Each structure stands twice: as C-alpha cells, then as structure tokens.
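Colleague: Hi! Could you walk me through this one? I have a few quick questions.

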Amino acid sequence: MAAIGLGTGLLAGAYPAWLAARVPASSALGGRAGETREGYRMRRVLSVAQFAAAIGLVAASLAVWWQADYASHIDPGFDASRQLVLAMPDKARPAAIHAFKTELAHLPGVDGVTAMSEAAGRDGMKIIRNFKRPGGENVKIEQKAVDANFFEVFGLHPLAGRLFARVREPGVVLNAQGALALGFATPEAAVGQMLDRENRIIGIAPDLRYQSLREKPGPIVYMQENERNVVVARVRGPLAPAREGAEALWQRHFPDEVASIETATSVFAANYSDDLRQAKLLALSSLVATALAGCGIFVLSSYTIRRRSREFVLRKLHGASRRQIGLLVAREWLVLLALGAALACGPAWLWSERYLAPFVERAPMGAWPLVLAVLGVGATALAACLRQAISAMRLPPALVLRD
C-alpha cells in the first residue's frame, strides 16, 4: 500500500513538474506567467469529476447500508431476540445431546428448549422431498425436522388445524405455501388430508423466514424426527446469564468441543455481514472522495475570487449588494455540483439496482440515497467555499483598484 501511494503521488506530480520545468524564466520574472483559459477550464472539469465520484460513492454506500440494515432487522416471524442457538457437535451421540437438552431446560431464565435440523436463518442443511399432488404431479417441498415442542418454544399458533403437541404424534404440519403447492384450494382445505401413505396433515403453521432476503420463501413441511443438529433455547430476561450457564453446561457435556452458541438475531445478521463490510468500505471511499471534492472547490473558489476580484469590486461600486456578490461565488460551485450530480446519478442508480436485484424484498429507500448524497456533498462544498464567499463580499475597493 505504501508503494502504491508513493507511485500514485509520483505519477500525479510528474505532469505539473514537467510544466513547471518548461516555464520561461523571462516570462515568470516579467510577471506575465499565469493560468490560461484552458487551465481554468481543466480545473472546473476536474471539480465536476470529483463531485461525481463523491456523489456516486456516497449514494452506493447508502444503498448498501440501508438494504443490509433493513434485512438484518426484518421480522423473521418469531421473537429472535429471546433465543440462543447452539450447534451440536457432529460426533455427539443422541443420548448425550438429550441429556444436555434436559439440563439446559432447567437453567435459570430458560423458558423452553427444542431441537431442529438447522437454525432459522441458515442453509447449512437443507432437505428437499418429492410429494405427489392429487393429479399425480410431483412437487418439491423442503422438509424441516423438528422436535414435538418446536412450535411451542417458537411461540407460534396454527393458522388452521393444530400444531404438534409436547409428545411425539403421527402427522405433519405444512406452511400455507406448502398447502397451495400441493394443489389445495386454500391452506385450510389441506387439514385432515393425507400427505402420503403414512402422514396426515394436521395443521397449517405460520410462515417463518429461514433464509436471507435474497431467497424467496417456499413451501415447507414439518415432520417430527430425531434430528439434533441444532438446539434452540428460549430465554426469559437477559441473554447473557443464560448464555454463561449454557457455556458451563457445554463444558461438562462436550469438553473436547468448542462451544458454538449464538443469538438467533446474530444468525440472521450473519447473512448480511459481507454487505455491511462492503458498506463500510464504500463509506470510507466516500469520505476520501468528498474530502477531495471539498478541497478542490475550496482551491477553485479561492482562485476565482483572486481572478475576478476587480469584477466584484466594480459590481459593488455600481450598487451590487454583498448578498449578490456571495451568490456569484456560490453559483460557481452550484453549477459544478449540478453537473457532477447529473454525471453521477445515472451510474449510481444503475449500480444500486444491480446490487438490489437479488433481493426478493427491498428496503423502502426509493431515490433517497441519491438525494442524500447530493445534499451531503453539496453541504461539504458549501462549507468549503463559504469562507471564500465571505471574503469576496468584504473585498475593499481601494485595495483592489490600487493594484
């Protein structure tokens, strides 16, 4: 990184150094050296490019952060803030996991403990089965293996029929999409029907979010099976004491395994950790680009005042107010900001749409990232040239006309 920075600095300074070496000494000593109209135009072009880069990066970082924050806090269909998720060791025997669950349920502050094939919000283990519709057509439905008290611990109530009781019983539970995928006219119509030769549909469960917002929720069938991959504990009160108790319990039952304990909220948030890192990188780039744009407009406005100082004084002598002089200076950066915004908004919008395309549900942001980016960069530019505008309004005529 140091080498890249040094190389960039050398390349950036090579052309100005070459120009400086070519300046005739006689012209410089005679006071005839100065910036040409082409040089002044180049300053303005570079300022527009700086504004466009800053606005585009700010808008992109806002879009990524907005969507990632929205997805991380969306309602999964149950109270994730009260759950601890424990991934069981791969080599653990069912008897050891059962004993662990039993003691975990008796910890202070733990309201209930259940087990399932995979934590809600993760796709590490996914089981897809084929079922036949009444007409004989096969339909693929995801199977979730859960304990009998799964719905009770998650605090869910049936949309139709009933859910599993505390003890193991025959029958399966579908979500509403599963019932419709099997060809039933309504989810309620599926209750009491046979799913296959062995399983009767006893109820319809509410829809839960098992994947990130990049995946569309699909049909699900819940079956009671001896799956013990993940244990979920519902906690009453603060999570920290219950987590400490679970870690101590883990050390007794699985001393050779590293405890894998996390909150249900963090499981969902992990799906968007890359997005949040991308937002932070874009935000850092935005700060650098905005700072460069602010410095650029500061230098340009300073040069403009020095270049047009006689014009400003003559305008004041002919009746122009300080406010009018200030607006002349402000118009300089407003025009450049408008051009930069026009140049940046199109690509920034296209990039945001491409980033948001995989999400099946978007944050209600609309065009606000672009609007806020223009306003933020504009405020920075205003702060950068405000002092210069005040200096232009206070130019003493005698000092300028005497030169």
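Predicted model: local features only at pLDDT ≥ 70, side-chain atom pairs only at ≥ 80, totals over all residues.

Colleague: What does helix H4 reach from its first C-alpha to its last?

Modeller: H4 covers residues 94-105, twelve residues in total, and reaches 16 Å from first C-alpha to last. That is close to the 16 Å expected at 1.5 Å a residue, where the expected span is 1.5 Å times one less than the number of residues. Helices here are DSSP runs of H or I with at least four residues, strands are runs of E with at least two, and both are numbered from the N terminus.

Colleague: Thanks. Which residues of H4 are buried?

Modeller: Ile97, Phe100, Lys101 and Leu104. Buried means under 20% relative accessible area, exposed means over 50%, and partly exposed is in between, using a 1.4 Å probe and protein chains only. These four cover an arc of only 100° around the axis, which puts them on the same side of H4; the arc is that of the directions from the helix axis to the C-beta atoms.

Colleague: Why would they point the same way?

Modeller: An α-helix has 3.6 residues a turn, so residues three or four places apart point the same way.

Colleague: And what covers the buried residues of H4?

Modeller: The cover includes strands S1 (83-87), S2 (110-116) and S9 (230-235), along with helix H7 (239-253).

Colleague: Let's switch to charges. How many salt bridges are there?

Modeller: The count comes to 14, taking a salt bridge as a side-chain nitrogen of Lys or Arg within 4 Å of a carboxyl oxygen of Asp or Glu. One of them joins Arg236 and Asp111, at 2.4 Å from N to O. That pair links distant parts of the chain, 125 residues apart: Arg236 is in the loop between S9 and H7, and Asp111 is in strand S2.

Colleague: Which residue forms a salt bridge with Asp274?

Modeller: Arg277, with the closest N and O atoms 2.1 Å apart. Arg277 is partly exposed at 47%, whereas Asp274 counts as exposed at 53%. Elsewhere, salt bridges that share partners join Arg82, Asp111 and Arg236 into one network.

Colleague: Now the rings. How many aromatic pairs does the structure hold?

Modeller: It holds 14. Rings of Phe, Tyr and Trp (its six-membered ring) pair if their centres lie within 6.5 Å; planes under 30 degrees apart count as stacked, over 60 as edge-to-face, and the rest as tilted. Among the pairs is Phe78 with Phe268, which is tilted, at 6.2 Å between centres and 50° between planes. Phe78 is in the loop between helix H3 (37-72) and S1, and Phe268 is in helix H8 (residues 264-269), so this pair ties together parts 190 residues apart in sequence. Both residues are buried.

Colleague: Which residues do ring pairs link into a cluster?

Modeller: Phe78, Phe150, Phe151, Phe154, Phe164, Tyr210, Tyr222 and Phe268.

Colleague: Last topic: where is Asn175 found?

Modeller: Asn175 is in strand S6 (residues 172-175) and is buried, with a relative accessible area of 2%.

Colleague: What does the side chain of Asn175 reach at 3.1 Å?

Modeller: The backbone oxygen of Gly218. A polar atom of the Asn175 side chain also lies 2.8 Å from the backbone nitrogen of Gly178. For polar contacts, a pair of N or O atoms must be within 3.5 Å; within protein, one must be able to donate a hydrogen and the other to accept it, and residues adjacent in sequence count only if both atoms are side-chain atoms. Leaving aside neighbours within four places in sequence, Asn175 is in contact with Ile204, Ala205, Asp207, Gly218, Pro219 and Ile220, where contact means heavy atoms within 4.5 Å.

Notes
Residues numbered from 1 in each chain as written. Heavy atoms only, no water.
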